[in-house]
Amino acid sequence: MLLYSTNLYILNAMISREFRILFWVLCVHLAGIYLFTKGFLLNRLALPDRSVDACTSLTTHKRAVLLVIDALRFDFIAEHPPEPVSPFHHNILTLPRELTAAHPDRSFIFNAHSDPPTTTLQRLKGITTGSLPTFVDAGENFGGSSIHEDSIIHQLNAAGRKIAFAGDDTWLALFPDAFQPNMTFAFDSFNVEDLHTVDQGVIDNLLPLMGHHKNSWHFAIGHGLGVDHAGHRVGPDHPVLREKLEQMNTLLRDVVAAMDDDTLLIMLGDHGMDKMGNHGGDNILETMSALWIYSKVPLSLPEYTIPEAILPVITFPDTPVPHRHVQQIDLVPTISLLLGLPIPFNNLGTVIPELFNRDSDGSSLQKAMELNAAQIRRYLDAYRSSSSGKELDASWHDFSLAWDGVHTMDGSDRLIALDNFTRLALSACRVLWAQFNVFLMGAGLAVIGLSIVAGWALFSKLRDVADVEWEKWVDDKVWWSFSASAVGSALGYLAHIVLHKYLDGVAMHQTALFAAAIASSFVMIATTRPVITLKAIKSLPIFLILHTLCFASNSFTVWEDHIVLFFLISSIVPSVITGFTAPTSRLRYRILGFSALFAICVRLMAMSTVCREEQHPYCTVTFYASESSSAPPLTALLLAFPVAIAVPLVVRRILKISRSDSGLAATFMPLLFAPSLIAGTMFWMLEWVDSAQALGDMGDTLRVTRTVLARTTAATMLIGGLSVWWTSPACLAISKSQTSEASTQEKTEVTVLGFANAFGSPYLMFWLIFFSVVWLMTQLSGQIVLGLSSIALLSYLEIIDSVRDVHSLNNAFTSPNASLQLADTNPNHDLLFSEIVPLALLATHMYHSTGHQSTFSSIQWKSAFILGKTLSFPFSHVSIVINTFGSFFLGALAVPLIVLWNLPPLPLSPSRPRPNALRAALAISLYFTVLAFGAAACAAVLRRHLMVWKIFAPRYLGAGFGLWVVDVGVLIGVGVGVGRVGEEIGRVF
């Protein structure tokens, strides 16, 4: 027991009380985000049933080749491509349209709709099961589990047919035991920089199987990745993509030449790509994929005219003529019937009519559509009998009417009725799988909302706690909150046992988590006892309120980047007004000068833009060279190195104002910080050289060089930099000089250089270590933005310090005890929430200016390969998170500087920086908690809005991730950085 108490005491001593209370805040936020997300983003119910009845009368082929060309957009094979025609991806892959023009009875081109999320794993699920993925399934693309529901692969295995495979190894994750071991050739799918290995593997293994081993397999899959990787790496308007499409056209010619009459060829893109070459969302360019079906024997006869009502067409953007349009999942029932297999049980696709038009009376087509409709009817009946069956109640009447209508029709009308029924089922299920668990959503909102009250209570009350009492006060709050969470968890467990039949879709651990978070928040509020006054209500930050209200409008959410820019510039207007009324010219010039510098940096940052689809045509991409390129613009290439060199110089110049460029800063800045920025810029320069193939065949050498450079830089700063900083963080130096007095005696005068900024300068060194890591993870245009943001941050710190001096002087001049006020050297000031708002807005502005939006397509996948050429956990995932949300982390990590900047270690209030830093951390966390609550509440209220999955859901996810990153940032900053600085300064003075 004594040992346990001793260990507990040591643990408490090692973990600061600020860290503990901020960790509690993080836990409550995570609980609220988790509960709401589980209610808002539900997985669909996949029924385990399998279809068993096969129809062999419609069989046309013994074998089939499924050739997936990843990210093959429809216009890449279209006979009438969009205008203006691109020389890099139009009229290059021409074999499909050549054969369709020559043999329209056995060659068919379709514009296939790929249901979002347009990630490879989810699309493979769709084209093998015929089902629809849900929004939350997109996260599985980096590590999906195997498919257990019925699929065409399972049906092939059940029929004893052998499957050969070559290409993207994602197929093995989905179907680990489905392929013949001696005919399986899988290749790594996540090395985006490798444009050729997977494609060459398909060519080298698929063609021999078709030429010499055609009797050893029944279904062959080839999945090439070169087109997709070229899009990600250089964009669609690049000679590299032209080379890949030419290679695919040659492959298709070889495949067609090797085919016999018993083989069916299906070539498709699993999804498209946007103008930048990316995918993942629901942009029209991402969802319009190519589909070509070819047979050496006729599949369609001209004697029977298929009703136009079941042959929909669609016009690709900027194309002169419409094209035949199908759903990508329509492949599943079509291929199944052509190969004599049962249609997979969960399928919602409709057979493609042209491939069953074999009779003068349309009987084969009618039979295929009846089998298809009967399968979907069985699925709907089974779904209604399941635990989620009540979800179909709202649509069941329409289903019944459509099904009954089928049996009252004949001829062409019957075909139309069958098509209407299958399409009704598809559209209803698309809505169905956007169902929500209101219990969990409400629980999540309650937890997040109560955490706002608790955070505000802590922020407000901590200001009034005396210096000598704050540590005990915080300890008490931590103890009570965690104790309450333990009791609440137990009560939640018991409540779930009693009320579980009323808590539909709520698991026991979710009830316990909700009760724990609510109980601890209530106790925190009750023990803090905040006082709500009219003054407190009037001081509510208007920019936070307006920022949150933006999420109630899809238009305001779309244009959030412009709105944040306006708020950010406006937030320093009060400081500018204060500058004009400053009592001294020095303060006036400092405030106005640094305000101008801040505004200039912010405006320059805004020149870097990445446009959402909804912002066109009122937005121009400047973060990249063009809308259809992922290469940096010429300005970024020219300015990247000058900015990398200038940033350390500007930082040292600002530190020199307070003469705090000595001590650690004198060695850290030139020997660690400056080289790390240059190395980070060099990495992306080499990446650009490699992508542009400027040095020919030196790609492997450049890749190794970049990997070594990135890993060395990251390790040097995170291990070496932190070690040096932890050992001696103070930026102080001693200056001695001899002075002569009238008595001719000489005295030695000792000056402590950096004393005026003794707390701020060492913490800035701590911040710069993480800044250099984010710099490494950010592309060239973003690095310029980061440089400007660092100057804007330092300018804002000087503004705040000068404004506080103005207020102190004004108070002194208006006080009856002016001489005492002026003699008061206490440097501590009450921290205002309004002082935190510009920093929160700056972090959000930095997020947008570094090439990010609240859309999946803006994720910069290149960052996953900074530390290595292949996808590796956790380095690739951490790199993407840092690249995407590093701006929020830096903003949160910088918030203690508002308290510590130009703060000397005077003896009157030695401990006050720590509680003030804690209040600053609570304030910025509170800002982003309110944003997360607003985004979640608006997403919940507007969950039936047409744009919920395109606008509101991604913005909520961004707000949730952003809040988590901010909480981690303040946890590290205040819990680690501030504590170490305070400890070292206390030791020195």
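Trainee: Is Phe-316 buried or exposed?

Mentor: Phe-316 is buried, because its relative accessible area is 2%, and buried means under 20%, while exposed is over 50% and partly exposed lies in between, with a 1.4 Å probe and protein chains only. Please keep in mind that this is a predicted model, in which local features need pLDDT of at least 70 and side-chain atom pairs count only at pLDDT 80 or more, whereas totals for chains, interfaces and linings use all residues. Residues are numbered from 1 along each chain as its sequence is written, and side-chain values use heavy atoms, with hydrogens and water left out.

Trainee: OK, and how many aromatic pairs are there?

Mentor: The count comes to 35 aromatic pairs, where rings of Phe, Tyr and Trp (its six-membered ring) pair if their centres lie within 6.5 Å, and planes under 30 degrees apart count as stacked, over 60 as edge-to-face and the rest as tilted. One of them joins Phe-36 and Tyr-956 edge-to-face, with 4.8 Å between the centres and 65 degrees between the planes.

Trainee: Which geometry do Phe-74 and Phe-316 have?

Mentor: Phe-74 and Phe-316 form a tilted pair, 6.2 Å centre to centre with 45 degrees between the planes. Phe-74 lies in the loop between S1 and H3, and Phe-316 in the loop between strand S8 (313-314) and S9, so the pair ties together parts that are 242 residues apart in sequence. Phe-74 is buried too, its relative accessible area being 1%.

Trainee: Which rings make up a cluster?

Mentor: Ring pairs link Trp-725, Trp-726, Tyr-763, Phe-766, Phe-770 and Phe-889 into a cluster.

Trainee: Switching to charges, how many salt bridges does the whole structure have?

Mentor: A search of the whole structure finds 30 salt bridges, each being a side-chain nitrogen of Lys or Arg within 4 Å of a carboxyl oxygen of Asp or Glu. Among them is the one between Arg-17 and Asp-475, whose closest N and O atoms are 3.0 Å apart. This pair links distant parts of the chain, with Arg-17 in helix H2 (residues 17-40) and Asp-475 in helix H16 (residues 470-499), 458 residues apart.

Trainee: What about Glu-354 and Arg-324, how far apart are their N and O?

Mentor: The side chains of Glu-354 and Arg-324 meet in a salt bridge at 2.5 Å, N to O. Glu-354 lies in the loop between helix H11 (331-338) and helix H12 (363-384), and Arg-324 is in strand S9 (residues 323-327), so the pair ties together parts that are 30 residues apart in sequence. Glu-354 counts as buried at 13% relative accessibility, and Arg-324 counts as buried at 14%.

Trainee: Last topic, the backbone: which peptide bond does Pro-617 take part in, cis or trans?

Mentor: The peptide bond from His-616 to Pro-617 is cis, with omega near 5 degrees, and Pro-617 is found in the loop between helix H23 (585-605) and helix H24 (634-657). Another cis peptide bond joins Phe-873 and Pro-874, with omega at about 5 degrees. Most residues other than glycine have a negative phi, and most peptide bonds are trans.

Trainee: What is the phi of Asn-91, then?

Mentor: Phi of Asn-91 is near 60 degrees, a positive value in a residue other than glycine. Asn-91 is found in the loop between strand S1 (63-69) and helix H3 (95-102), and counts as partly exposed because its relative accessibility is 37%.

Definitions and conventions: Helix = DSSP H or I, 4+ residues; strand = E, 2+ residues; numbered from the N terminus.
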